[in-house]
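Subject: Structure handover

Hello,

Here is the structure I promised to pass on. Please open it alongside this note; my findings follow below.

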Amino acid sequence: MKSGFVNIFGKPNAGKSTLLNALMGEKLAIVSSKVQTTRHRIKAILTEPDYQIIFSDTPGIIEPKYKLHEKMMQSVKSALEDADVALLIVDVNDNWEESDQIFSGLKLRVPCVLVINKIDKAPAEKIAACMEYFREKPYCRRVVAISALKGAGIDQFIQPVVELLPEGEPFYDSDDISDLPTKFFVSELIREKIYEVAQDEIPYHTAVLIREFKEKQTLVKIVADIIVHRETQKAILIGEKGSMVKKIGMAARKDIEAFLNQKVFLELFIKVKPKWRDNELYLKEYGYGS
């Protein structure tokens, strides 16, 4: 039996969350075309008869501008410290040198698998050149090319990772798929819909707090606050005659029902908390930081 922690690193939007979801066959990490969607470190547990992999999706590596960003980078740092294997993910169409600088700067002490993603959007010569470029890097033990979105190469992907894992007993029960509570995933699914529906900077200024999560006989009642910085943002998220918050609620409820496999009654409220991204107490309340 092999078991260990496999942590995923890369620039924002390299496809870390899409890869995690594809590997798990389950939507655990929220996905958006906007960068810096992932704020928390999400652990996903994949158990098979001969191995258990605890995958960890980390926020994209950025220069911190707010306390929120500092918390995000702290979770990257803790992921560096407990990895058995690192997955370094690069978008084949992105700047390879920038990714190389980030990966070199991580100073990883564990074996690394270099994952070239989005191969469905690049010609074969470019993919080959990218593989060649990273294969020669000192931190690189294996190179694999995949399309996380299309699922291409995912099956062949697991074996090289398992080979690098230490031998040992499983860390979690075989039924567990994450170490995070259900409420966390519910709040993330609501946050994802804000990224889909709201424009420009608004998603980056929002947090979601689950205030009530009650399992009744026929459905689950969920009450959540969407936190914003300013009254103007609140007005935009509510929309004309409540149209925007209704749209967010309907889309989120659909995904939450699929995730919980149960009927859901979802109620959303928009609350204004100025400068919450720089306020330690608010950050703690909204689930950021220890």
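Predicted model: local features only at pLDDT ≥ 70, side-chain atom pairs only at ≥ 80, totals over all residues.

Ser187 sits in helix 6, which spans residues 182-197. Is Ser187 buried or exposed? The relative accessible area of Ser187 is 10%. The cut-off for buried is under 20%, so Ser187 counts as buried. Which residues does Ser187 touch, once neighbours within four places in sequence are left aside? The contacts are Val208 and Ile210.

Two aromatic residues deserve a look next. Phe184 and Phe185 are both buried. A search of the whole structure gives seven aromatic pairs. Phe184 and Phe185 make an edge-to-face pair. Their ring centres are 5.2 Å apart, and the planes are at 80 degrees. There is also an aromatic cluster, made up of Trp96, Phe103, Tyr133, Phe134 and Tyr139.

- Three strands form an open sheet in the order 7-8-9, and the pairing is mixed.
- Strand 7 (207-215) and strand 9 (264-272) are the edge strands, each pairing on one side only.
- From one strand to the next, the twist averages 15 degrees.
- Strand 8 (residues 220-228) pairs with strand 9 in the parallel sense, over nine bridges.
- Ile222 has Leu266 in strand 9 as its bridge partner.
- Helix 6 packs on this sheet and touches strand 7, strand 8 and strand 9. The direction of helix 6 makes about 130 degrees with that of strand 7.
- Helix 7 (residues 231-238) also packs on the sheet, touching strand 8 and strand 9. The direction of helix 7 makes about 155 degrees with that of strand 9.

Helix 8 comes next. Met244 lies in helix 8, residues 243-260. Is Met244 buried or exposed? Its relative accessibility is 16%. That is why Met244 counts as buried, the cut-off being under 20%. Residues up to four places away in sequence are not counted in what follows. Met244 touches Val197, Ala198, Ile236, Leu237, Ile238 and Gly239. How far apart in space are Met244 and Ile194, C-alpha to C-alpha? The distance is 9.4 Å, while the two are 50 residues apart in sequence.

- The six strands form an open sheet in the order 2-3-1-4-5-6, with mixed pairing.
- Its edge strands are strand 2 (42-48) and strand 6 (140-145), and each pairs on one side only.
- The twist averages 25 degrees from one strand to the next.
- Strand 1 (residues 2-10) and strand 4 (residues 85-91) run parallel, joined by five bridges.
- Val6 has Val85 in strand 4 as its bridge partner.
- Helix 4 (residues 124-135) packs on this sheet. Strand 4, strand 5 (112-117) and strand 6 are the strands that helix 4 touches. The direction of helix 4 makes about 170 degrees with that of strand 6.

Helix 1 (residues 16-24) and helix 5 (residues 154-164) have axes that come within 10 Å. The axes cross at roughly 90 degrees. Angles of 65 to 115 degrees count as roughly perpendicular, so helix 1 is roughly perpendicular to helix 5. Which residues meet there? From helix 1 there are Leu19, Ala22 and Leu23. From helix 5 there are Ile154, Phe157 and Ile158. The residues of this contact divide into six nonpolar, no polar and no charged.

Last, two backbone angles to check. Lys118 has a phi near 65 degrees, a positive value in a residue other than glycine. Lys118 lies in the loop between strand 5 and helix 4. At 22% relative accessibility, Lys118 counts as partly exposed. Lys241 also has a positive phi, about 55 degrees, although it is not a glycine. Where is Lys241 found? Its place is the loop between helix 7 and helix 8. The relative accessible area of Lys241 is 83%. Exposed means over 50%, so Lys241 is exposed.

Best wishes

Methods: Residues numbered from 1 in each chain as written. Heavy atoms only, no water. Axes fitted to C-alpha atoms, helices over the stretch in contact; angles between N-to-C directions. Helix = DSSP H or I, 4+ residues; strand = E, 2+ residues; numbered from the N terminus. Parallel < 35°, antiparallel > 145°, perpendicular 65-115°, else oblique. Contact = heavy atoms within 4.5 Å. Nonpolar A, V, L, I, M, F, W, Y, C, P; charged D, E, K, R; others polar. Buried < 20%, exposed > 50% of the residue type's maximum accessible area, 1.4 Å probe, protein only. Pairing = 2+ DSSP bridges. Phe/Tyr/Trp six-rings, centres within 6.5 Å; stacked < 30°, edge-to-face > 60°.
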